[in-house]
Amino acid sequence: MKHLLKLEDWSTEEIINTLNLADQLKYEQKHGIEHKILKGKSLGMIFEKSSTRTRVSFEVGMTQLGGYPLFLSSNDLQIGRGEPVEDTARVLSRFLDGIMIRTFEQKEVEALAVYGSIPIINGLTDYCHPCQVLADLMTIREFKGKLEGLKMCFIGDGNNMMNSLIVGALSTGMSFSAACPKDYMPPKHIIEFGEKYGNGKFEIVTDPLEAAKNADVVYTDVWASMGQEEEKKIREAAFAGYQVNKELMAVTNKDCMVLHCLPAHRGKRLLQMYLKSMQTKSLRRQKTVFTLRRLFLLNVWQMKCLKKFDDSLIL
């Protein structure tokens, strides 16, 4: 049984095979070729964190594959009233064919996989965001024609996005650099992963211009993620110089693309001009996200397919 809990669990071959199949599904969808591969299957979608893109892409993706998506708010489940995760996992496993969960703690996702008997997809936790990063990799490859040999640069917080981007980029042959304040670095074991598998192509510095030099892809995210709203003012002060702007883009490669996992805050992480420019290709990006999400669903049902993605904008 295949889960998508975090990218560290997946080999390079599994990631690339997933992207290849996603390309195929995207082609079929574009040309009106039906692929009701999950006919009769049901997906429970647990949302302890709200979302626009995750919910819509999973619901529509599951429907396009012939399955039935079931939205489950934590307010409507016993898990929201303190029921142990292991009990929820066992009960839902008797009714559903798979679970996608978007929540706070990674251990909750891992527990569902341990105690349940159906595939589990991590739609986002405070630790990682594997679905989003697989969508990013698919998008980069679509626009650049390859992944291996490219340089990805992340500007901002050592959060769930940076954690997954480090693993995804290095696992597919990209080099990775990041600019992050000292007090907001990613976890020690993620840095150790980068140092072990980066083969000299991994670095985290505090200077955005140093990190962005010769980058092929620049990525940024919000400074205060969901659940960190009370830290907003402190974080805005700490990340004041960590912005994607003209000065930073001037040191990247001339055909550098910009990605953001959304929602984006104009004038802060992204200069207004770059956000507007990215929006010209955002619809194409959304289709890529959509395709990956369907592919994830197929993959976890051991059908050598995977479709699940979260929006990123492209420049």
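How many residues apart are Arg-90 and Asp-87 in helix α3? Select both: they are three residues apart in helix α3 (residues 85-95), so about one helical turn separates them. Helices here are DSSP runs of H or I with at least four residues, and strands are runs of E with at least two, numbered from the N terminus.

This is a predicted model, where local features need pLDDT of at least 70 and side-chain atom pairs count only at pLDDT 80 or more, while totals for chains, interfaces and linings use all residues. Residues are numbered from 1 along each chain as its sequence is written, and side-chain values use heavy atoms, leaving out hydrogens and water.

Stay on Arg-90 and Asp-87: their side chains form a salt bridge at 3.6 Å, N to O. The term means a side-chain nitrogen of Lys or Arg within 4 Å of a carboxyl oxygen of Asp or Glu.

Next, select Arg-235 and Glu-231, whose side chains meet in a salt bridge at 2.9 Å, N to O. Arg-235 is buried at 5% relative accessible area, and Glu-231 is partly exposed at 27%. Buried is under 20%, exposed over 50%, and partly exposed in between (1.4 Å probe, protein chains only).

Now select Tyr-184, Phe-239 and Tyr-242, which form one aromatic cluster. Rings of Phe, Tyr and Trp (its six-membered ring) pair if their centres lie within 6.5 Å; planes under 30 degrees apart are stacked, over 60 edge-to-face, and the rest tilted. The rings of Phe-239 and Tyr-242 have centres 5.9 Å apart and planes at 70°, so this pair is edge-to-face. Both Phe-239 and Tyr-242 are buried.
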